[in-house]
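Trainee: Here is a structure I would like to understand. Can we go through the terms one by one?

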Amino acid sequence: MKSWRYWLTVDTSFTLELIKISSKYFEKYTLNNNVVVPGRLVIPPLTIFSSNPDGTLSDGERKYLELRATGVGLYILGACAVSQEGIAFPCQPRAFSEKDIESNAERAKIIKSQGALAINQIHHGGALSKKEYSGLAPVAPSADIANEKLKKSGQLTEETKIRELSDEEIKKTIEDFAYATEISIKAGYDGIEIHGANNYLIQQFYSPFTNRRTDDWGGSVEKRMNFPLKIVDACCKVREKFNKPEFIIGYRLSPEEPFEPGITMTETKQLIKALVEKPIQYIHISLKKFFQTTRRGEGTGIERLKVIHELTKGKVALIGVGGLKTQKDFTDAINSGFTEFVAAGVASMMNRDLGILLKENKGDKLELELKAQLQELTSELGMDITTFFTMAAKQAVR
Ligand SMILES: Cc1cc2nc3c(=O)[nH]c(=O)nc-3n(C[C@H](O)[C@H](O)[C@H](O)COP(=O)(O)O)c2cc1C
């Protein structure tokens, strides 16, 4: 498991690179619902643990968002909880009550006023939700396997014990994602991203490791796909209800799990084949390294994004991400042709003007004085560096 510090590792011998950032970053892209995205640079969802404890917009969060969306095509906001029981982080934004519209409307407005499209990532933590933040027991497709994992790591207590979702609760959770879509439409976002990645609830349903159910929601690949696909259908239905064909719907997933019996590329391809038949606009692959190759299953040894692009191109846009830090990294990623969009997480946290630096070909400035910038970032968010490191480390491992 790589630490947060790993993500910040920089080559301090870095010298001015003569490579020019590909102008492709600043080409427009028309999504399959005819929405024009102003550029190919994406800010991926980044949880910054900085909303107020009730999920409303805080001053630190406002300041952070105000400075980061210039020169960006799609700005995807960090995981926003679809229900109380799905809350996984301290000070996580929410989209499950009319009360949540106001803060979300301001978040959307701040991003849009900088010229980017604002996308709300909607999320349920499942087994990774925390009672200390939600006040409720975490839930999962299968409780035994989830609790066994906690027991092995010495973390199983009455407080952390995970409860298995009933059929009725699963249907209610799908409705929660639909309602979060409704809140996001009412708040004025340009779209939503369904968080099906990074081991949270939706991935827990698709994974043969965490889903041991024998009803309609588990067992075969088709049945494990039921929950993710029903969520997509429910969110698309809300868009129809509001007659908003221009509202963007994206889906984020992690393509492979390292453990057995985990998700393999063969299974991911099956899910992607089903997703591209839905009226969604993009698929976003969560990766540590943009050029990471397939570990097992179909396409072993070939870049994961290349394998996936074969299935998405001409149908939905693909977003790739992972470890891009230098001007050369950014240029290689967009020139690879593996994806229509390239996302930059940590680089955008550390360089609040990333879009401008890329646009002005000032890639040599990307990695300078990271420590100073980190200090600035944490003071911007109103938290000390150690707290931020501890929380961010949990996010940075995929
Ligand atoms: C502090 C932090 C918070 C993150 N929060 C989220 C999140 O809310 N949702 C999500 O899907 N991924 C989240 N991620 C993963 C990023 O979106 C991204 O995939 C990852 O950082 C790799 O890209 P990078 O190397 O460009 O940072 C987070 C990562 C970090 C470091």
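Mentor: We take the terms in turn and test each on this model.
Mentor: This is a predicted model: local features need pLDDT of at least 70, side-chain atom pairs count only at pLDDT 80 or more, and totals for chains, interfaces and linings use all residues. Residues are numbered from 1 along each chain as its sequence is written.

Trainee: What is the mean pLDDT of the protein?
Mentor: The mean is 90. The scale, the predictor's confidence in each residue, runs from 0 to 100. Of the residues, 89% reach 70 or more. Over residues 1–18, pLDDT stays under 50.

Trainee: Why are β10 and β11 called paired?
Mentor: Strands (DSSP E runs of at least two residues) pair if DSSP finds at least two bridges between them. β10 (residues 282–285) and β11 have three, so they pair, in the parallel sense. Y282 stands opposite A317.

Trainee: What hand does the unit of β10, helix α10 and β11 have?
Mentor: It is right-handed. With the strands pointing away from the viewer, the path from the first strand over the helix to the second therefore runs clockwise. Helix α10 spans residues 304–312; helices are DSSP H or I runs of at least four residues.

Definitions and conventions. Contact = placed C-beta atoms within 7 Å.
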